[in-house]
Amino acid sequence: MDTTLIIEAAYFIAALLFIYGLKRMASPVTARSGIVVAGWGMVIAVAVAFLYGLDVNEKAQPHVWVNLVLVVIALSIGIGWAWYSGKKVAMTDMPQMVALYNGMGGGAAAAIAAIELFSGNAQSHGVVVTILAVLGGLIGAVALSGSLIAWAKLDGRINKTIRLPGQQAINAVLFFLALAAGAAITTAGLAGEVSITLVSIFFILSLVLGVMLTNPIGGADMPVVISLYNAFTGLAVAFEGFVLQNPAMIIAGTVVGSAGTLLTLMMAKAMNRPVSNVIFSQFGETADDGDTEMEGSMKAAEPSDAAISMYYANKVIIVPGYGLAVAQAQHKLYEFVKLLQKQGVDVRFAIHPVAGRMPGHMNVLLAEAGVPYDIIFDLEDINEDFAQADVAIVLGANDVVNPAARTKKSSPIYGMPILNVDMAQTAYVVKRGQGKGYSGVENELFYADNTSMVYGDAQKVMAQMIEAIKSLG
């Protein structure tokens with residue numbers, strides 16, 4: 001059979017598996033199988049790349065064997081590292097891992113662009129393909145360095161949000177300098193005179209731009225940033241797919257880029273902020289609370305009191321946040337939920353779109369503990385239920401439950417859709433201290449008449465609640 005036909009058929013099958021896998025990822029019930037399906041698509045695409053290399057080798061190019069050996073070595077290192085790190089990573093570190101892996105994808109696209117530009121193939125590629133190589137290199141390099149900064153911020157290796165005077169002007173200058181260098185590379189490449197120095201300057205500017213764009217962004221916006229750089233990586237891969245004339249890369253990159261873009265827009269909408277505001281604003285730097293005097297006071301409650309209140313309730317809504325992930329309390333929480341359900345309590349989980357440190361963080365956290373999907377609801381599906389809830393309990397969330405988003409126009413989170421915890425008959429907030437959220441504003445929920453604060457590490461608090469319930473029976 002013609003090798004070309006086999007390659008094209010395999011790429012077509014891989015593309016179908018990518019799309020079908022992504023479709024199954026739309027539901028938490030089928031997400032795991034969707035990942036497996038898409039993974040097999042990638043296996044096929046990689047295997048076909050080897051087949052293409054062997055086909056080229058038949059045309060008497062000895063160096064191809066050396067390249068194939070290097071590819072096998074790289075794949076072995078990459079697979080080994082990914083397998084080890086994936087098994088070892090804690091759920092609290094999952095956002096860091098996603099940011100890191102996403103950066104690697106952008107870096108791979110930038111590396112392909114670098115090889116093509118350094119090789120001086122612009123004349124054979126033509127102007128359109130050369131421009132795509134340059135744009136893919138720019139976007140991929142920005143995604144690489146930006147994702148590494150996001151990883152460092154999430155991992156606690158960068159604890160400060162660094163903002164320079166004239167930050168946006170500096171970013172604009174870097175962006176236009178990178179574009180100018182890219183235009184110069186395209187022009188020189190078409191003339192057959194590519195300068196290694198010029199290409200190096202182009203990639204240095206692109207990498208620095210990614211750092212400068214991400215450094216000023218605070219931790220509250222990291223879920224949107226991760227999603228945005230995921231879209232960047234997909235776009236860069238698609239562009240480089242055109243350069244290599246690889247259908248699998250084009251389709252996979254396009255699918256990832258479009259999905260990442262839609263997710264980014266959805267998350268920005270959930271924060272009532274345009275994406276440009278996330279990237280170019282200085283969110284949380286100078287939070288204006290208006291009148292700093294809060295009405296009411298924080299009232300402390302014991303874990304046992306909160307547990308008993310929920311045990312005798314008819315309906316309980318649980319709002320998980322990053323604090324739950326930090327405490328690794330999801331298993332204890334579900335153990336507590338099962339005790340409530342055994343008593344006949346209607347228990348539901350309410351998930352805010354930007355809860356946690358990456359898209360879907362809370363869903364993954366609860367799935368790890370075995371929480372059934374049918375009691376987990378998104379904001380728009382459960383918000384009206386809070387008014388009928390006897391008890392709502394918040395574990396480690398802050399800004400996504402702050403009523404100031406509805407009422408205080410001076411607040412940086414004003415207009416952001418929130419979970420209506422304050423509308424429940426009774427609310428409990430499990431929190432280690434009285435600190436503010438990433439927005440830097442006081443949470444009005446904590447001072448409400450129907451709210452009590454349960455101070456302590458979420459895992460220890462849940463253990464105490466479990467003991468309190470067991471003591472009743």
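This is a predicted model: local features need pLDDT of at least 70, side-chain atom pairs count only at pLDDT 80 or more; totals for chains, interfaces and linings use all residues.
## Helix α6

Helix α6 takes in residues 127-154, 28 residues in total. From first C-alpha to last, α6 reaches 40 Å. That is close to the 40 Å expected at 1.5 Å a residue.

Most of α6 is covered. Of its 28 residues, 22 are buried. G156 follows the helix, with a positive phi near 80 degrees.

## Helix α4

Helix α4 spans residues 94-119 and has 26 residues. Its first and last C-alpha atoms lie 38 Å apart, close to the 38 Å expected at 1.5 Å a residue.

## Strand β1

Strand β1 covers residues 315-320. Six of its six residues are buried.

In a regular strand, side chains alternate between the two faces of the sheet. In β1, K315, I317 and V319 point one way. V316, I318 and P320 point the other way. Both sets are buried, K315 included.

## Partners of β1

β1 pairs with two strands, β2 and β4. Strand β2 is residues 346-351. Its pairing with β1 is parallel and runs over four bridges. Within β2, V347 is the bridge partner of V316.

Strand β4 is residues 391-395. β4 also runs parallel to β1, and five bridges join the two.

Notes:
Residues are numbered from 1 along each chain as its sequence is written. Side-chain values use heavy atoms; hydrogens and water are left out. The expected span of a helix is 1.5 Å times one less than its number of residues. Buried means under 20% relative accessible area, exposed over 50%, partly exposed in between (1.4 Å probe, protein chains only). Two strands pair if DSSP finds at least two bridges between them.
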